Amino acid sequence: MAPWPEVEKPETNNYIGDSSKQNQNMTGKEGENHKGNVASLGNKGDIQPAFSTVALIDETRPEEDPWALPELQDTGVKWSELDGKGKVIRVLYGIGKFIMLLGLLYMFVCSLDVLSSAFQLVGGKAAGDIFKDDSVLSNPVAGLVIGVLVTVMVQSSSTSSSIIVSMVSSTLLTVRAAIPIIMGANIGTSVTNTIVALMQAGDRNEFRRAFAGATIHDFFNWLAVFALLPVEVITGYLYHLTNVIVESFHLESGEDAPELLKVITDPFTKLIIELDKSVINAIATNDESAKNKSLVKIWCVTESNVTLQNVTIPPSENCTSPDFCWTEGNTTWTLKNITETEYISKCQHIFVNSDLPDLAIGLILLALSLLVLCSCLIMIVKLLNSVLKGQVASVIKKTINTDFPFPFTWLAGYLAMLAGAGMTFIVQSSSVFTSAITPLVGIGVISIERSYPLTLGANIGTTTTAILAALASPGSTLKYSLQIALCHFFFNVSGIILFYPIPYTRLPIRMSKTLGNITAQYRWFAIFYLLLCFFLLPLFVFALSLAGWAVLLGVCLPLFLLFIAVVIINVMQKRRPHSLPEKLQNWDFLPVWMHSLEPWDNIIMASLAFCGKHCCGFCKCCKVNTEQEGAKDNQLKTMEVYENTMAMADEERGGRRAPAVACVDKTGTNNTAL
């Protein structure tokens, strides 16, 4: 048997010294005695004995719940300890932060408005062209994905709804065929707050909560569509219900719907860009002349004059009335009302005299609005983190998240729903409201369970705004616009009835938490989810729908049944694994890449590392991340237990030997940042 190494060697002394440092975290007399033993052994030159760790192993520490709301501790000086001058400065700082928060929220909302205009410039005409194909729109599944795609492209469910109303009033589309498109628009409008959640990817736990709080809206909309679209196709209950309501009232065109938030934001956004949205409607209603028109509004003040003029008509046309038609030689004249538009003053936005095409202007505004949106969101989160601490944070969290005492516990959720509907009615946009509460969910002020009814209330609030807007429509489109707005309203109400009153049916909460855990570990998966649900999947279904019903059902039906089977097996694996065959109790019989994201994560992170060698500054960032992860590992090692300190030293020395692969391996497992 090989002898132990000599203890007088420098390396061994280093081992003993390092081990004594590691044991400093032990508490009580036992820890002190152990440090003394190690020191004495080091002085004597003996090998330190193995140390029993049974007591430490038996101490079971409760696992931290990643979904628990963090305690935002106030690290500053207490109010009672401040003198008069300090209290005045504290109050002035608070007022300044509040004013700054209002300013950032204003810029945040304005950037969302400009972002919507940018998307309309980039894809507005394409959205109008999509609506032109009547044969595709008659397919409810195709209509659903068209609603998703168009709303994502124009970033506004109200814009897509106005296009639908124009088509229905022009008899190009029936109300019953428009209902699936409205359902798709309901899904597409939730993409904005999902994009906003990506801005909190810097902190893993904040990103977990923020992404779950944003995607809870997505999951509710998708589940409501999966449950209610087949029912609507078979029974037409939304069409018949809204038709009875509309026919029972003698409706007349009213005043314009109130624009509460627009009054504040329009003066600023109109200095940046103004759009002529009638061009998209004209393209959707087969107006060929609108294709060559620009969406950028040039003349803001115009006046139309109708005059009765003499005009010539072709000789082949017969005069309908001898009083208004006469012939002079070979020319036939008649009287017609001619509308002439007088252009009085131009708009004041910065692109009014620009010669750039719509696509270039849209891309410029898209980049600028995203930059402002991200900057405002980051500063809002930092400002809220500095303000919502200590007593203030506890009061706000208790006010928002606390339930009523039994037996009125259920009432708090419905009051939150009313609050969400009221706030959405004030800001007149569900995207703005849900995007505003997403960072609050991320920093832990609002829980996931409370954000769910707030989001459902936002869905109701945006439909009430649409109903008011419909009541202000002209007489020719009043009936159709009101019926479509009511379809949107009752669709959301039906979804709430299915997925909220009974706690067991609140599937979006559990689904969003599962997705939040995945994206916290693999942050690139958030972008993959965004592209898949809002672009790739709708485009795939739309392409199949162009080939006809047979191809659509032949491809989508087996895939959908396979998806349902996988979901059922996953649920049974967690709850009743013994009810499944032995082979199906886990997915180990499949290749690793089919049931784990780890191989994909390794590929993506290796690709980023390869690209980083050709990008300026990436390697430095990688090294910084590696050092940070190494520091965290060293901290964690103080909590680990070793029977022999030489093993600890060997591990540390082995960890220092391979810094080259740490950049890829560490990043692949613990630091899958964007």
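Select glutamine 573 in this predicted model and display the residues it touches: leaving aside those up to four places away in sequence, they are Leu580, Leu584, Gln585, Asn586 and Trp587. Glutamine 573 itself belongs to helix α22, which runs over residues 549-575. Is glutamine 573 buried or exposed? With a relative accessible area of 15%, glutamine 573 counts as buried, because the cut-off for that class is under 20%.

Next, select residues 598-612, which form helix α24. The 15 residues of α24 reach 20 Å from the first C-alpha to the last, close to the 21 Å expected at 1.5 Å a residue. Colour Asp601, Met605, Ala609 and Gly612, which are the buried residues of α24; they cover an arc of only 70° around the axis, which puts them on the same side of the helix. An α-helix has 3.6 residues a turn, so residues three or four places apart point the same way. Turning to the other side of α24, you will find Ile603 and Phe610, both of them exposed.

Finally, zoom out to the whole protein chain, whose secondary structure comes to 27 helices and 3 strands. Of its 674 residues, 40% are buried, and the accessible surface comes to about 36900 Å², with 63% of that area belonging to carbon and sulfur atoms. If you draw the contacts between residues at least 6 apart in sequence, 76% of them join residues at least 24 apart.

Technical notes. Residues are numbered from 1 along each chain as its sequence is written. This is a predicted model: local features need pLDDT of at least 70, side-chain atom pairs count only at pLDDT 80 or more; totals for chains, interfaces and linings use all residues. Side-chain values use heavy atoms; hydrogens and water are left out. Helices (H or I, at least four residues) and strands (E, at least two) are DSSP runs, numbered from the N terminus. Buried means under 20% relative accessible area, exposed over 50%, partly exposed in between (1.4 Å probe, protein chains only). Contact means heavy atoms within 4.5 Å. Accessible areas come from the Shrake-Rupley method with a 1.4 Å probe; for residues, only the protein chains shown count as cover. The expected span of a helix is 1.5 Å times one less than its number of residues. The arc is that of the directions from the helix axis to the C-beta atoms.
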